[in-house]
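Work through the exercises below on charged side-chain pairs. Each task is followed by a stepwise solution.

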Amino acid sequence: MKTKTFLIFFFFVFTTLNSCERDTSSICDKLLEQGNAGQSLLKGEWKFESFAYTLNGSTIKYKEKIQKGTLAFNDTTMGVSHTNTIRFLYTLEGKNNIMIKMKGSTYINPPQEENDITVALINSLCYVIKENKLLIHFTEKDKKNILILTKK
């Protein structure tokens, strides 16, 4: 009897925890409600501002300042200037989905901040432009899942 009770309790806890996981598509949708998306809006140069966290796409908190660096968007490529120069290819899909792949880098002794930026970009899911801010949502790492940039 104790085994059955334990199994039922375990099953209940497991299903409850799984149902409470963040839904990436709803985060992307909530972000899009706050701004706009589109390739023409992305083009140009953006300055890195901070890493942040959002649970649902509506409220952004826990901002961690990024010390330096810029990101420049062209038609299908983007470049990061930080300690090194990093080139990426990107494609836009759906309303505000973005896929980013690393193309090349000078990568010589990159600082941790540059590594974190690179990992965030490679794991990007969607983006939104809100006033003069670019918010890029990426797969969560260490309670960070939003990269915030400011238009230069």
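**Salt bridges across the chain**

At 35% relative accessibility, Glu 45 is partly exposed (buried is under 20% relative accessible area, exposed over 50%, partly exposed in between; 1.4 Å probe, protein chains only). The model is predicted: local features need pLDDT of at least 70, side-chain atom pairs count only at pLDDT 80 or more, and totals for chains, interfaces and linings use all residues. Residues are numbered from 1 along each chain as its sequence is written, and side-chain values use heavy atoms, with hydrogens and water left out.

**Exercise 1.** Find the salt-bridge partner of Lys 152.

Step 1. A salt bridge needs a side-chain nitrogen of Lys or Arg within 4 Å of a carboxyl oxygen of Asp or Glu.
Step 2. Lys 152 pairs with Glu 45, with 3.9 Å between the closest N and O atoms.
Step 3. Because Glu 45 lies in strand β1 (residues 44–54) and Lys 152 in the segment after β9 (144–151), the pair ties together parts 107 residues apart in sequence. Strands (E, at least two residues) and helices (H or I, at least four) are DSSP runs, numbered from the N terminus.
Step 4. Lys 152 is exposed, at 61% relative accessible area.

**Exercise 2.** Characterise the salt bridge between Glu 49 and Lys 133.

Step 1. The N to O distance is 2.5 Å.
Step 2. Glu 49 is in strand β1 and Lys 133 in strand β8 (residues 133–141), so the pair ties together parts 84 residues apart in sequence.
Step 3. Glu 49 is partly exposed at 21%, and Lys 133 is partly exposed at 25%.
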